[in-house]
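Dear colleague,

I am passing on the structure below, together with some notes on what turned up in it. Please look it over when you have a moment.

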Amino acid sequence: MKTFRLLFFFLPFGWISCHSKPETEAIAEDEEEVVTPVTVTTPDFTPMAEFFELNATSTYLRKSYIKANINGYIRSANLSAGQVVGAGQTAFVLKTKEAQSIGNTINLLDTSFKFTGIVTIRAGAGGYVSEVNHQEGDYVQEGEQLAVISDTRSFVFILNMPYELRPFVMNKEYVELLLPDGRSLPGKISSSMPIVDSASQTQNIIITVADKTLPINLIAKVKVTKEAKTNALSLPKQSVLSDEAQTSFWVMKVIDSTTAVKVQVKKGMEINDRIEILSPVFTPTDKFLLTGNFGLADTAKIRITEQ
């Protein structure tokens with residue numbers, strides 16, 4: 001009876017021990033058999049450059065204001081908006097209000113007096129007539145503005161530059177301007193305004209161009225190089241993985257035909273669909289996972305389907 005009771009007591013433990021070991025081994029074998037199909041790629045050593053774009057608006061730095069020098073009536077106005085005038089060209093002819101009132105009465109009394117009351121006003125500088133304020137027949141007072149002439153020689157683009165980007169802009173002599181019609185125009189950085197907007201913390205930079213026939217208030221994109229390298233090592237963006245905060249980056253490097261390992265990297269420029277790898281240093285023959293790399297462990301079994 002004692003022997004029977006002992007057999008009855010130990011029999012379940014023997015049955016569990018006999019069956020638990022094969023089950024554990026089966027689970028381990030299943031885990032080892034997980035193989036991920038992947039495609040691989042190799043790094044490229046190519047020129048890379050990073051740009052940023054800022055807006056620049058065309059304008060004239062100098063304007064000439066034509067004003068009346070007497071009180072009188074405009075007898076003739078020889079200017080129209082958009083007209084090109086030269087320095088010294090007749091702009092307006094005025095007649096004093098006294099001459100307009102009394103006419104030729106004084107000349108009739110004394111023929112040697114030759115009183116006309118006619119005053120000619122000429123353009124002080126050449127350029128485009130950007131504004132005409134009075135026409136023939138208007139009465140104007142002394143000092144009143146008659147027209148505005150924009151000096152074509154002072155045509156520039158004003159670049160609105162955030163001050164934190166000053167090291168990237170002011171160390172260059174020439175920049176590229178992209179016009180709305182698709183044309184590209186070279187520009188030269190000539191000077192900067194000695195003032196910064198208190199609200200936006202931006203500074204105006206003066207860019208001169210050779211083409212002086214463009215209209216004012218034209219907005220162009222200024223393409224400025226932030227960083228450029230002639231032989232940068234890069235990988236496709238698909239090959240570079242990151243955490244949710246995008247503070248840590250890594251790639252899955254192929255070490256043999258069936259294994260890939262996780263390698264932490266430091267990235268540099270991002271141009272189109274490629275990312276520069278600053279460290280560690282890889283060789284052109286190294287292989288990295290292009291697809292199938294998401295969610296893999298630090299060491300993963302792989303099956304290369306395409307390179």
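Helices (H or I, at least four residues) and strands (E, at least two) are taken here as DSSP runs, numbered from the N terminus. On that basis the secondary structure of the protein comes to 4 helices and 21 strands.

This is a predicted model, in which local features need pLDDT of at least 70 and side-chain atom pairs count only at pLDDT 80 or more, whereas totals for chains, interfaces and linings use all residues. Residues are numbered from 1 along each chain as its sequence is written, and side-chain values use heavy atoms, with hydrogens and water left out.

Of the 307 residues, 32% count as buried, that is, under 20% relative accessible area with a 1.4 Å probe and protein chains only, with exposed meaning over 50% and partly exposed lying in between.

Serine 154 sits in the loop between strand 10 (145–150) and strand 11, and is buried, with a relative accessible area of 3%. Leaving out residues up to four places away in sequence, serine 154 is in contact (heavy atoms within 4.5 Å) with Thr59, Tyr60, Leu61 and Arg62.

Best regards
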